[in-house]
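Dear colleague,

I am passing this structure on to you, and below it you will find some notes on what turned up when I went through it. Please read them with the model open beside you.

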Amino acid sequence: MESFRRTQVKTMVRRLTEKPDKLIAVFGPRQTGKTTIVLQALRQIELESRYLAVDSPDSSETPYLDAESSASSETLIPSNLSGATVPFPEVKDTDWLVRNWQAGRREANRFGRGFVLVFDEIQKIPNWSETVKGLWDADRRSNCWLHVVVLGSAPLLMQSGLRESLAGRFELIRVTHWSFREMSEAFGLDLDHYLYFGGYPGTVPLVREPDRWRNYVLNALVESSIERDLLAMTRVDKPALLRQLFDLGRIYSGQILSYTKMLGQLQDAGNTTTLARYLDLLSSTGLLTGLPKYSNRPLQIKASSPKLNVLNTALLTAGSGYSFDEARADRTFRGRLVESAVGAHLFNSAASDTRLHYWRSAPFEVDFVLQRGRRIIPIEVKSSLKRRPLRGMEEFRRQFNPHRSLLVGEGGIPLEEFLTVPAHRWFEET
């Protein structure tokens, strides 16, 4: 694992060796390795750097990083009582941001060849984007060679701040859940273990202790994402409803469920607009998404019932009550797991210009539809759960003349192979 590098590390290194004419924004779900990616990149470049963790309660500043060092999260001061060192807490606000930015400028000018300043969880500083805008614009006018990297695990808020205040001033590096290829190369997970335990690298040491693993996923990952990335950072009028919606979506992952049916199964459900917004919030944190129906009429897409899909299969299995062996033996549950894994892989690996849908026109249905510009690719997953003929694929081809069609599973592309290919690559193949 120590030698494994995600592809984003190479991208980060390339950005940091160029002239700093754009902020670098790294965002993605919790526990996907954002900080590790940045620190690995910093150790591969020659520039000095400083890493600052905004969400660390005892972090006021951290030392410089070089090829051999790592970031500390506290500044130590002598204690008047014992002579020991104790952490000195400091409020993280825009004044703190400005002071550290100015220190970074001085180092960039002192070293001459540049300096890298990293702010982790920057979205937790109120009004951070407006402050960064002023500082960044001043650096461009003075031709200061200060690289600035901002990280965040609340993608919706990160993107909102960037796009509202920093339009044209940043480049995104998106970090998603780990793919089957990555988990296999880094940890040796086979397909069955990946399907059940998912793409969270931090859970790998716990797979031999199922109760600990399950507790970690549901509490340290799911609950932290909801509590700290959504409820603490975004206005949510019905927090209990948002949690219920996640539980419902996990249970129905891989299935199409109308908002009307959701309302019938949720307490204090409010209205469909509220549910649609909460589903978008859950998607922004990498937990659960609702795929829209494919149509060549935009209004029909907007009004369609969503196909629910967890974005990491650990989110389905951890709360299912199934052990690893039980999940593998139950053909129906495994079928849901396989389809959810395919949907999560397509969503997580799709390029920014690629959209993911499903299609249904009773009695016909196609599991997934990739769209890139005017080109579309229908995808059918053949698992043990499904025994129906591929009439949906045939009807889709008749109506829409797709770029190509894909069958995953029995009689088509082996699942293990399909999960190693990023979604956008299918448009490049003939």
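Strand β6, helix α4 (residues 128–142) and strand β7 together form a right-handed β-α-β unit, where right-handed means that, with the strands pointing away from the viewer, the path from the first strand over the helix to the second runs clockwise. Helices (H or I, at least four residues) and strands (E, at least two) are DSSP runs, numbered from the N terminus.

Please keep in mind that this is a predicted model, in which local features need pLDDT of at least 70 and side-chain atom pairs count only at pLDDT 80 or more, while totals for chains, interfaces and linings use all residues. Residues are numbered from 1 along each chain as its sequence is written, and side-chain values use heavy atoms, with hydrogens and water left out.

To stay with β6, which spans residues 115–120, six of its six residues are buried, that is, under 20% relative accessible area, against over 50% for exposed and in between for partly exposed (1.4 Å probe, protein chains only). Phe-115, Leu-117 and Phe-119 point one way from β6, whereas Val-116, Val-118 and Asp-120 point the other way. Strand β2 (residues 48–53) pairs with β6 in the parallel sense over six bridges, two strands being counted as paired if DSSP finds at least two bridges between them, and Glu-48 stands opposite Phe-115 there. Strand β7 (residues 146–152) also runs parallel to β6, joined by six bridges, with Asp-120 opposite Leu-151.

Turning to charged side chains, the structure holds 19 salt bridges, each being a side-chain nitrogen of Lys or Arg within 4 Å of a carboxyl oxygen of Asp or Glu. One of them joins Arg-334 and Asp-192 at 3.0 Å, N to O; because Arg-334 lies in helix α15 (residues 331–349) and Asp-192 in helix α7 (residues 191–197), this pair ties together parts that are 142 residues apart in sequence. Arg-334 and Asp-192 also belong to a network of salt bridges that includes Asp-325 and Arg-328.

Helix α8 (residues 210–231) contains both Asp-211 and Arg-214, three residues apart, or about one turn of the helix, and their side chains meet in a salt bridge of 3.1 Å, N to O. Asp-211 counts as exposed, at 61% relative accessibility. Glu-223 and Arg-243 meet in a further salt bridge, at 2.6 Å, N to O, which links Glu-223 in helix α8 with Arg-243 in helix α9 (residues 239–251), 20 residues apart.

With best wishes
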